Amino acid sequence: MKPGDPQTVRVMFEEIASSYDTLNDLLSLRLHRVWKRQTLSWIKPQPGQCLLDLCCGTGDVSFLLAEQVRPNGTVLGVDTAILPLQTAELRAATQPWLCVRWRQADAIMTRLTKSSIDGAIMAYGLRNILDPMGGLWEIHRVLKPNGRATILDFNPQPTGLGAYFQQFYLRQLVVPIADYFGLKQHYNYVEGSLDRFPTGQEQEELAYKVGFRIARYIPLAGGQMGLLRLEA
């Protein structure tokens, strides 16, 4: 699989949609839920706001946000793959008190109105975009002035003990477990996607280039994950 290629990414997430949530829990020991909740602390969702969950997958973050913007607030979940969105819609049907809308669109071309969003989150999506700077530019474009965004993803580890652990984790744990679900090829993709993914410092630099006033990268999980906090 070619990391970052839009068609490759879309097809991959279509194919793993039915196992995605189960695998996330297994591969992170459910810690991904903790990290996703941490993305909200910078956004500080308020009732009545309109928030964006970009690369929303099956909607984990969308539902967290929707709980916070009640009443009268709205969350828009955007993803390039239709099957994860269909799963999200089924989940939403069991929580009719939440106002969440779904849209199939590319992360660098959401078709949203400029300066229309109060806050945005992208969890495990930037790494899958062929042009990460384009993804940051689109987030900046749709945010209102002073709007905030958070991006959660793997933290590339080029050298040292962190790199050894990351490689061991991906090759000896992630891929074998994914193989049990018949998804070995799909999760082999992760390591390759990290090879071209900007480091935390590089992400900060890209964010400033597209116009963000604040860009701060915070490592998580012993440096294996990271949060990029942004303010327009």
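**Close-up views of a predicted model**

**View 1. Strand S4 and its parallel partners.** Strand S1 (residues 50-54) and strand S4 run parallel and are joined by four bridges; helices (H or I, at least four residues) and strands (E, at least two) are DSSP runs, numbered from the N terminus, and two strands pair if DSSP finds at least two bridges between them. The model is predicted, so local features need pLDDT of at least 70 and side-chain atom pairs count only at pLDDT 80 or more, whereas totals for chains, interfaces and linings use all residues. Residues are numbered from 1 along each chain as its sequence is written, and side-chain values use heavy atoms, with hydrogens and water left out. Leu54 has Met122 of S4 as its bridge partner. S4 is also joined to S5 by six bridges, and these two strands run parallel. Here Ile121 has Thr150 of S5 as its bridge partner.

View 2. S4 (residues 117-123) is largely enclosed by the rest of the structure, because six of its seven residues are buried (under 20% relative accessible area; exposed is over 50%, and partly exposed lies in between, with a 1.4 Å probe and protein chains only). Together, S4, helix H6 (residues 132-142) and S5 form a right-handed β-α-β unit: with the strands pointing away from the viewer, the path from the first strand over the helix to the second runs clockwise.

**View 3. Arg141 in helix H6.** Arg141 belongs to H6 and counts as buried, because its relative accessibility is 18%. Leaving aside neighbours within four places in sequence, Arg141 is in contact (heavy atoms within 4.5 Å) with Thr110, Arg111, Leu112, Thr113, Lys114 and Ser115.

**View 4. Helix H7 and its cover.** H7 (residues 160-180) has 21 residues and reaches 30 Å from its first C-alpha to its last, close to the 30 Å expected (1.5 Å times one less than the number of residues). H7 bends by about 30° at Leu170, the bend being the angle between axes fitted to the seven residues ending there and the seven starting there. Leu170 is one of the buried residues of H7, which also include Gly162, Tyr169 and Val174. Among the elements covering the buried residues of H7 are helix H2 (20-28), strand S5 (143-154) and helix H8 (184-195). After H7 comes Gly182, with a positive phi near 75°.

**View 5. Ile82 in helix H5.** Ile82 lies in H5 (residues 82-93) and counts as partly exposed, because its relative accessibility is 32%. Not counting residues up to four places away in sequence, Ile82 touches Glu14 and Gln104.
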